[in-house]
Amino acid sequence: MDSIKQLYEAKRERGEDVTILYSENGYTKAKLFAHSFYQKKDITPPFVEMKDGLRVDFFEVDATIKNTLTAKYGRYYESKGNVLVKDSVVVQNIKGETLETEQLIWNEKLGKFFSDKQVKVTTPTQIIYGDGLEANQDFSTYKITNVKGIISVDKNRVPSMD
């Protein structure tokens, strides 16, 4: 009688208080912490779901934190390198700037954040509102769509109309 090998692949995996390190060329780029972690491989496309909050610290080459992202919910789509976060999303950078929105996509392959939802960016000198955003993942530069609010401008840097 022929022997039959049966391989079992878990379609759903679960973890609690999970920490994942993302590294590139031997350097830790980011550290993700999630209270609950559900890997769902029986869904197309497969994803990892983080229902009870998450935090991502992004690092400089010298291992200092550049910025931090927090949210109450997240989904990681490994095949595309996208992390969708929503519900009370906050990104804070080392310059003292804070992004608040209800939904944000972090593409780890591109190293960028994207949102088409309302955003609020608070800097040490101003508050900027808009209808979307594109930013690099360390949140040091960003472009806000349909800017609203008062923005301070250094009069010495504005070209004169003379």
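Me: What conventions apply to the numbering and to the values?
Reply: Residues are numbered from 1 along each chain as its sequence is written, and side-chain values use heavy atoms, with hydrogens and water left out. In this predicted model, local features need pLDDT of at least 70, side-chain atom pairs count only at pLDDT 80 or more, and totals for chains, interfaces and linings use all residues.

Me: Where is phenylalanine 139, and is this residue buried or exposed?
Reply: Phenylalanine 139 has a positive phi of about 55° although it is not a glycine. Its place is the loop between strand S12 (132-136) and strand S13 (142-145), strands being DSSP runs of E with at least two residues, numbered from the N terminus. Buried means under 20% relative accessible area, exposed over 50% and partly exposed in between (1.4 Å probe, protein chains only). Because its relative accessibility is 0%, phenylalanine 139 counts as buried.

Me: Which strand holds aspartate 87?
Reply: Aspartate 87 is not a glycine, yet has a positive phi of about 75°. Its relative accessible area is 35%, so the residue is partly exposed. The strand that holds aspartate 87 is S7 (residues 82-93).

Me: Which peptide bond is cis?
Reply: Proline 45 is found in the loop between strand S2 (27-40) and strand S3 (47-50). The bond with omega near -10° is cis, and it runs from threonine 44 to proline 45.

Me: How close are the N and O atoms in the salt bridge of lysine 40 with glutamate 49?
Reply: A salt bridge is a side-chain nitrogen of Lys or Arg within 4 Å of a carboxyl oxygen of Asp or Glu. Lysine 40 has a relative accessible area of 14% and is therefore buried; glutamate 49 is buried too, at 6%. The closest N and O atoms of this pair are apart by 2.8 Å.

Me: How far apart in sequence are the parts tied together by aspartate 131 and lysine 148?
Reply: These two residues form a salt bridge, with the closest N and O atoms 3.0 Å apart. Aspartate 131 lies in the loop between strand S11 (127-130) and S12, and lysine 148 in the segment after S13, so the parts tied together are apart in sequence by 17 residues.

Notes:
Helices (H or I, at least four residues) and strands (E, at least two) are DSSP runs, numbered from the N terminus.
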